Amino acid sequence: MRHLFLAVFAMFLSSRVNAESRFDFATTPGKLPKDVRPTEYSIRIAPDLEKLNFTGSETVRVHAQKPVTRLVLNALEMEIASASLDGRPLSEKAIVLDEKQQTLTLNLPYELATGDHELALAFSGKINAQGQGLFYAGYQEQVTNEKKVMLGTQFEATDARRMFPCWDEPSFRARFQLTVVVPENFTAVSNMPVEGEEKVAGGKEVRFATSPPMSSYLVVLVAGELDSIAAEKDGVKLRIVTTKGKAEMGRYALESAATILQYYNDYFGVPYPLPKLDLIAIPGGFGGAMENWGGITYYESVLLFDPENSSTETKQAIFAVVAHEMAHQWFGDLVTMAWWDNLWLNEGFASWMGSKCTDHFNPKWNEWLRRNVPRDPSRRIGFPKDTAMQSDARSTVHPVQQPIVTEAEAGNAFDEITYRKGQSIIRMLESFLGEDVFRDGIRKYIAAHKYSNTTTADLWEALTEVSGKPVGEIAPGWTEQPGFPVVKVERDKNTIKLAQERFTVHFLDPPALQWQIPLTYLTLDQPATSGFLLRERNASLPSELSANKAIKVNLEDAGYYRVEYDRASWDLLVAQVSRLSEADRVNLLIDAWALVQANRKPLGHYLGLVDKVVGDDQVAVYDQIIDTFTFINRLLAGDPARPRFQQLARAVLRPAFDRVRWKAKPGEPSMTMILRASLIRGLGLLNDSDIIAGCRGRFDSFLSNPTTVPPDLRPTIFAVVGRYADSGTWKKIHELGLKTTSTEEKQYYYEALGNAIDPKLIGRTIGLALTEELPTSRAALLLPFVARQGEHPELVWEFAQENMKTLLAKQDALGVNGFAAGLFPFFSALKDAEMLERYAKTNLPEQARKAVAKAIDEIGFRAEFKQRLVPQLNAWIEQGAR
Ligand SMILES: [Zn+2]
């Protein structure tokens with residue numbers, strides 16, 4: 001549906017000066033001096049898999065813009081054996097490593113002249129157990145079940161410096177030529193194709209072709225006993241690379257990648273710039289996926305699809321994640337943000353593009369909508385929009401563009417605000433400018449900045465030029481200031497009055513802010529949707545409305561703002577809710593729940609709407625309701641009100657389950673299976689004895705014959721059985737987890753163990769975090785997973801304190817800062833906040849401060865919310881009983 005925006009926009013063509021400047025290498029933030037820059041690296045790495053270390057050497061062509069007497073680059077946890085410049089060796093004394101600054105300084109005994117030079121270094125470093133720099137991942141090989149080890153790299157944000165000394169800041173682009181020595185039975189993969197292979201002592205030396213100019217964090221190296229399948233599209237060689245025996249499970253990803261490549265070649269207007277693209281499945285070491293140029297790495301379960309055993313949700317996740325990472329090959333790799341304060345340019349855009357592409361090829365999946373609704377983290381990909389909005393309403397929020405000074409802060413930037421607020425802003429802008437105009441702006445931006453770096457201002461500039469609309473005036477309000485608005489809709493006879501104010505939750509005295517809001521709305525009974533740019537605090541909609549017409553603002557839940565209707569408008573809208581699309585219903589639910597959280601409305605406001613929107617068996621509607629019920633159920637752990645709430649919640653969900661039942665009907669849409677799984681999980685959590693018995697029965701038949709339970713229901717059935725498990729059941733699930741070679745299955749078996757509510761079994765589950773049973777980063781994640789269940793967060797915290805050092809050693813760069821604080825948001829008493837505060841003061845580093853503040857705020861919110869929720873709940877139940 002196209003949105004008709006009003007011609008009045010033409011009046012605002014005056015171009016505002018952006019607070020941020022366009023890209024300029026010299027003034028880009030960062031630690032390294034800008035007077036010397038690398039132009040080409042030639043790097044040779046020889047890993048030792050026994051000792052878990054490596055030796056390396058490199059020559060770097062550098063260009064000095066002016067005479068200098070020292071070179072400063074990055075290196076970390078590394079020893080430098082020798083250094084020479086233009087063939088002249090430097091003395092040992094001239095080589096200074098600073099672990100704290102993560103730099104390598106070469107003090108020259110002479111002045112280096114302006115111009116090109118060659119730096120040569122020999123060094124050694126270590127192979128890490130967690131996804132930082134060069135790492136190893138242990139796994140059980142498919143078919144043989146033998147224990148194997150492979151190598152991978154994870155450099156974003158600032159860990160390339162752990163494998164080779166380099167100018168490890170994104171604006172220092174250079175060409176990279178990599179060579180690696182590996183055992184003879186290994187296959188090695190990097191950004192570029194293999195150029196040559198030759199036998200050497202202890203294995204073979206693999207030499208890769210030289211890359212185009214790129215940022216160091218995008219370099220990749222993977223090696224192991226690997227298989228692959230390949231295809232060709234638009235002249236690019238595409239491969240799925242996996243451990244031995246798993247390549248065929250990459251078929252779906254390979255087909256998807258070919259489809260997506262063609263779509264992006266057209267969308268960006270610049271064809272994919274490298275000769276090949278490998279999508280590499282790694283069975284551990286890190287989670288998610290990383291967009292290394294030409295060699296994208298994926299945690300196995302978001303790349304491999306086994307038609308016999310994988311779920312529909314896994315399939316959907318694979319397409320979406322492949323689409324996201326491939327979008328980065330242009331937006332992020334070909335054109336790269338200048339500095340980490342603009343990380344959102346990479347992530348917000350790739351998230352938006354990935355969803356747009358996924359939706360384009362799979363319209364039935366309801367991609368946009370389902371990514372907006374919070375769900376159990378084990379069942380979603382990335383951050384839901386509403387999760388971003390929930391944190392964006394708090395006092396601990398930061399703007400999309402935030403200053404980043406240290407390396408550790410760069411790691412903190414990978415959060416829901418960067419990804420999902422970023423994505424939502426782009427979606428609003430696209431809708432405001434129109435699809436084609438927006439695409440033309442992106443083409444212009446890519447063409448103008450390819451093989452270079454940018455700031456957000458460069459993007460606004462391109463969009464402004466192409467559209468003739470004041471993008472640079474509207475957009476910075478969303479990226480440079482924190483928070484977002486609520487739009488209040490009020491009827492005054494035939495006029496609709498609008499007022500905006502900042503929307504906050506649990507936030508004393510928030511600074512007032514104002515936005516330029518591209519609103520969309522629909523008058524029920526009229527076919528066309530309309531747009532209106534709300535620039536001031538107050539305004540009226542230009543068209544008149546007859547008194548009995550309902551109006552819906554923020555169509556399809558596409559905008560990044562909340563809407564609060566006055567009583568008359570709300571009643572009209574709710575009365576006609578059956579005429580709204582699934583997305584509009586979900587949007588009403590999300591906003592209604594947010595208004596309850598913000599103490600603008602009582603719980604009955606939300607529950608009253610729930611009664612009106614159930615019945616049509618729409619997945620996203622139920623996902624929103626189940627997520628909210630799950631939150632309330634966890635908040636009420638140990639409270640006498642809990643059984644009454646569970647009864648009420650079961651009564652809402654049960655009729656839908658009675659319609660879909662356990663078994664798929666012939667020819668039913670694939671989304672019905674997802675709805676079925678959601679309902680079973682929700683009702684199981686809410687203690688529905690019939691559902692629990694049904695899950696147990698299916699678990700038993702699965703044990704004797706796995707094909708009796710469809711893959712889509714397995715994670716759910718295991719979750720419910722695990723929750724109410726006794727010791728014997730716990731053991732059976734654990735055995736399944738130990739045996740499987742599938743990363744996807746392993747994950748849901750261990751999560752089932754993490755669901756247990758019996759304190760003895762909780763103790764056993766969290767003990768597994770110290771074992772080697774799960775990939776390192778996943779093992780430590782068991783703890784927040786168990787804490788989130790809300791039954792016994794104190795057991796998790798006791799255990800974590802005793803084992804903090806071991807647990808932190810299992811975290812990668814992105815996980816380490818927030819790990820301890822991440823165990824706390826599931827407490828809801830103020831004394832728990834004090835406990836975390838005390839712990840943080842003596843035990844946690846400065847870079848954990850933001851995560852700690854966020855957790856403390858969340859505990860405070862939950863304590864306050866619980867107090868008002870219980871009487872409101874009782875009032876609602878009593879009112880219903882009358
Ligand atoms: Zn990304």
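**View 1. Helix H2 is mostly covered.** Of the 17 residues in H2, 15 are buried, where buried means under 20% relative accessible area with a 1.4 Å probe and protein chains only. Helices are DSSP runs of H or I with at least four residues, numbered from the N terminus. The end C-alpha atoms of H2 are 25 Å apart, which agrees with the 24 Å that its 17 residues should span at 1.5 Å a residue; the expected span is 1.5 Å times one less than the number of residues. This is a predicted model, in which local features need pLDDT of at least 70 and side-chain atom pairs count only at pLDDT 80 or more, while totals for chains, interfaces and linings use all residues. Residues are numbered from 1 along each chain as its sequence is written, and side-chain values use heavy atoms, with hydrogens and water left out.

**View 2. The zinc ion is coordinated by His-324, His-328 and Glu-347.** The donor atoms are NE2 of His-324, NE2 of His-328 and OE of Glu-347, at 2.0 to 2.1 Å. Donors are N, O and S atoms within 2.8 Å of the metal (3.2 Å for Na, K and Ca); water is not among the atoms, so sites may look incomplete. Their residues follow the spacing H-x3-H-x18-E in sequence. His-324 lies in helix H2 (residues 312-328) and Glu-347 in helix H3 (residues 343-361), 23 residues apart. Both His-324 and Glu-347 are buried.

**View 3. Five strands form an open sheet with mixed pairing.** Strands are DSSP runs of E with at least two residues, and two strands pair if DSSP finds at least two bridges between them. The order is S16-S17-S18-S20-S19. S16 (226-233) and S19 (289-290) stand at the edges, each with a single partner strand, so one side of each has no neighbour in the sheet.

Conventions: Buried < 20%, exposed > 50% of the residue type's maximum accessible area, 1.4 Å probe, protein only.
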